[in-house]
Amino acid sequence: MAKVKPFRGLRPPQEIAKELACLPYDVMNSEEAAQMAKGKETSLLRITRAEIECPGVDDIHSEAVYNKALENFRMFQEKGWLVQDDTPRYYIYAQTMNGRTQYGIVGGAACSDYEEGLIKKHELTRPEKEEDRMVLTRYLDANIEPVFFAYKAVSEIDAIVEEVVTNNTPDYDFTAEDGFGHHFWVVYDADKNKAIETLFEEKVPCTYVADGHHRTAAAARIGIEKTAQNPNHTGEEEYNFFMAVHFPDNQLQIIDYNRLVTDLNGLSDTTFLAELNKAFEVENMGTEIYKPGRLHEFSLYLSGSWYKLTARQGTFNDEDPIGVLDVTILSEQVLGPLLDITDLRTSKRIDFVGGIRGLGELKKRVDSGEMKAAFALYPVSMQQLINIADSGNIMPPKTTWFEPKLRSGLLIHKLG
């Protein structure tokens, strides 16, 4: 069963929470991070993307950047911008998007659960991104950003969450610049804390990585590393756990994750469309943005026109949890055989855009000449994700996209 422990969170005073909180490190580049932090002295981006304070440093993974992150982390604590709670607790973090709110429990997930497969993953990780988060965690000796987990809903946990949020004023409550609401409660009641811990132990057989595979893998590896370094290891040290927000599966919604390619592998537009017609029914939809409306339907943007692509029978396997996925169809029928893009994790000829940016972002990048063509996909379901994770299979890279993204800085987990 899942081990999810309370911990002594490091968090900001209420009056600076909105400014300190930021998007996760991996949804922006350095220039965007610098713009987001501009005029915000307490932005956590000064720790998670410390290269913005290292002028003249070209390598964002350099020792100078990590040292600056540590310097700023210590400074935030010295100035009282981050203060540690005196007692281990759980926390409730809710997010509101388009009028719907999802409620998660923040607790320490066990590194041993990841190693034993009780924390189930559905995507492969990229070694360089995993290593970057490990190095930052070593420098800070803290999980600076949460990961996003799901679990199969438990009514008794739902009841505790509902009681806390209904009868208590949030410790933090703000709407971010993107229009998404963020609400946060500390669970102060000792009996409720104990009940949450017991319910996870007794009612939640496993958890699922929804978003944050690299941070999860890095945190688990840090736990193993620290275990080997400690001759008096007991298994109860803080480094045996890492910070995760656990959302019940019935509150979550996955949105589309789309693809752009730099070229057509030497094919003309006409030849490419003719080749596509072998695996898809191809229909020209004109110049207005076209969004796929169901599974096995794609949209293609190419040379100013949108096309509806409907996968033909025989191009997918509804009995295979991986073979049924639209990302699999696209890879096996288009990206590999036609465009010679076989490794989505390393190829420089493909890029990915979360559906939250809208299909207009795809159009803009193709029209600018930066990319040659774009493919929009219908999103996978939460049940598909769970089926794949339960079967032990791995989705192709960049299959899922969850929104809203968790805000970093509302809570930090110190490992020492």
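This is a predicted model: local features need pLDDT of at least 70, side-chain atom pairs count only at pLDDT 80 or more; totals for chains, interfaces and linings use all residues.

Visitor: Is Gln95 buried or exposed?
Guide: Gln95 is found in strand 4, residues 91-97. Its relative accessible area is 0%. Buried means under 20%, so Gln95 is buried.

Visitor: Which side chain makes a polar contact with the side chain of Gln95?
Guide: Leaving aside neighbours within four places in sequence, Gln95 is in contact with residues including Arg100, Thr101, Gln102, His182 and Lys405. The backbone oxygen of Lys405 lies 3.2 Å from a polar atom of the Gln95 side chain. The side-chain to side-chain polar contact spans 2.9 Å, and the partner is Gln102.

Visitor: Is the crossing of helix 7 and helix 8 left-handed or right-handed, and how many residues of the contact are charged?
Guide: Helix 7 passes helix 8 in a left-handed crossing. Helix 7 contributes Glu156, Ile157, Ile160, Glu163 and Val164 to the contact, and helix 8 contributes Lys192, Ala195, Ile196, Leu199, Phe200 and Lys203. Of these residues, seven are nonpolar and none is polar, and the number of charged ones is four.

Visitor: Why might residues three or four places apart in a helix point the same way?
Guide: The answer lies in the geometry of the helix. Residues three or four places apart point the same way because an α-helix has, per turn, 3.6 residues.

Visitor: Which strands do the buried residues of helix 13 pack against?
Guide: Helix 13 runs over residues 382-391, and its buried residues are Met382, Gln384, Leu385, Ile386, Ile388 and Ala389. After the helix comes Gly392, with a positive phi near 85°. The buried residues pack against strand 6 (119-120), strand 8 (147-151), strand 11 (207-211), strand 13 (254-255) and strand 20 (401-402).

Visitor: What distance separates the C-alpha atoms of Val366 and Thr262?
Guide: Val366 lies in helix 12, residues 359-367. With a relative accessible area of 9%, Val366 is buried, and it touches Leu260, Tyr301, Met371, Lys372, Ala373 and Ala374 beyond four places in sequence. Val366 and Thr262 are 104 residues apart along the chain, and their C-alpha atoms are separated by 8.8 Å.

Visitor: Is Asp141 buried or partly exposed?
Guide: Asp141 sits in the loop between helix 6 (127-140) and strand 7 (142-143). Its phi is positive, about 55°, although it is not a glycine. A relative accessibility of 26% falls between the limits of 20% and 50%, so Asp141 counts as partly exposed.

Visitor: What phi does Asp340 have?
Guide: Asp340 is placed in the loop between helix 11 (326-335) and strand 18 (350-354). Asp340 is not a glycine, yet its phi is positive, at about 60°.

Visitor: Which residues is Ala219 in contact with, leaving aside its neighbours within four places in sequence?
Guide: Ala219 belongs to helix 9, residues 213-229, and is buried, with a relative accessible area of 8%. Ala219 and Arg138 are 81 residues apart in sequence and 9.8 Å apart in space, C-alpha to C-alpha. The contacts of Ala219 are Cys111, Asn143 and Phe242.

Visitor: How many Å separate the C-alpha atoms of Thr48 and Ser305?
Guide: Thr48 lies in helix 3, residues 45-48, and is buried at a relative accessible area of 4%. Beyond four places in sequence, Thr48 is in contact with Cys22, Tyr25, Arg133, Ile144 and Glu145. Ser305 is 257 residues from Thr48 along the chain, and the C-alpha separation is 40 Å.

Technical notes
Residues are numbered from 1 along each chain as its sequence is written. Side-chain values use heavy atoms; hydrogens and water are left out. Helices (H or I, at least four residues) and strands (E, at least two) are DSSP runs, numbered from the N terminus. Buried means under 20% relative accessible area, exposed over 50%, partly exposed in between (1.4 Å probe, protein chains only). A polar contact is a pair of N or O atoms within 3.5 Å; within protein, one must be able to donate a hydrogen and the other to accept it, and residues adjacent in sequence count only if both atoms are side-chain atoms. Contact means heavy atoms within 4.5 Å. A crossing is left-handed if the near helix is turned anticlockwise from the far one by less than a right angle, and right-handed if clockwise. Ala, Val, Leu, Ile, Met, Phe, Trp, Tyr, Cys and Pro count as nonpolar, Asp, Glu, Lys and Arg as charged, and the others, Gly among them, as polar.
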